[in-house]
Amino acid sequence: MTTRSVLKLLQDINRQLGVTIIIITHEIGVVKAICNRVAVIDASRFVEVGGKDEIFDAPKSDITRMLLGREVEPHV
């Protein structure tokens, strides 16, 4: 079974049974493909929580920007 087929199965379970599925991953492509909401954890703390589009379009934390491959704002 491939990653893609596992993700499709999880989406089908979510839609058909209405269950919430929590996925913990460093794979941003997985998050982008199937998640509705995102929580970013750094050093055991939630640093950002919100809708997928909100987090991907306007990341607020340095760790989220790094995970998305964006430049981190310099600290003065």
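Predicted model: local features only at pLDDT ≥ 70, side-chain atom pairs only at ≥ 80, totals over all residues.
Residues are numbered from 1 along each chain as its sequence is written, and side-chain values use heavy atoms, with hydrogens and water left out.

Let me start with the strands. β1 and β2 run antiparallel and are joined by 6 bridges, where pairing requires that DSSP finds at least two bridges between two strands. Within this pair, R37 stands opposite G51 in β2. Most residues other than glycine have a negative phi. A43, however, has a positive phi near 55 degrees, and for S44 the value is positive too, near 65 degrees. As for accessibility, A43 is exposed at a relative accessible area of 66% and S44 is exposed at 74%, given that exposed means over 50%, buried under 20% and partly exposed in between, with a 1.4 Å probe and protein chains only.

Now to R65, which lies in helix α4. Is this residue buried or exposed? R65 counts as buried, because its relative accessibility is 9%. A polar atom of its side chain lies 2.9 Å from the backbone oxygen of P59. If we leave aside neighbours within four places in sequence, R65 is in contact (heavy atoms within 4.5 Å) with P59, K60, R70, E71, V72 and E73.

Finally, the largest pocket, which holds about 930 Å³ of space. A pocket here is an open set of points on a 1 Å grid over the protein atoms alone, where a 1.4 Å probe fits, with protein on both sides within 12 Å along at least five of seven lines, and lining residues have an atom within 4 Å of a point. The volume is the space filled by probe spheres set on the points, which are joined across faces, edges and corners. Of the 31 lining residues, those closest to the centre are I23, C35, R37, V38 and A39. β1 gives the most to this lining, with 5 residues.

How values were computed: Helix = DSSP H or I, 4+ residues; strand = E, 2+ residues; numbered from the N terminus. Polar contact = N/O pair within 3.5 Å; in protein donor to acceptor, adjacent residues only side chain to side chain.
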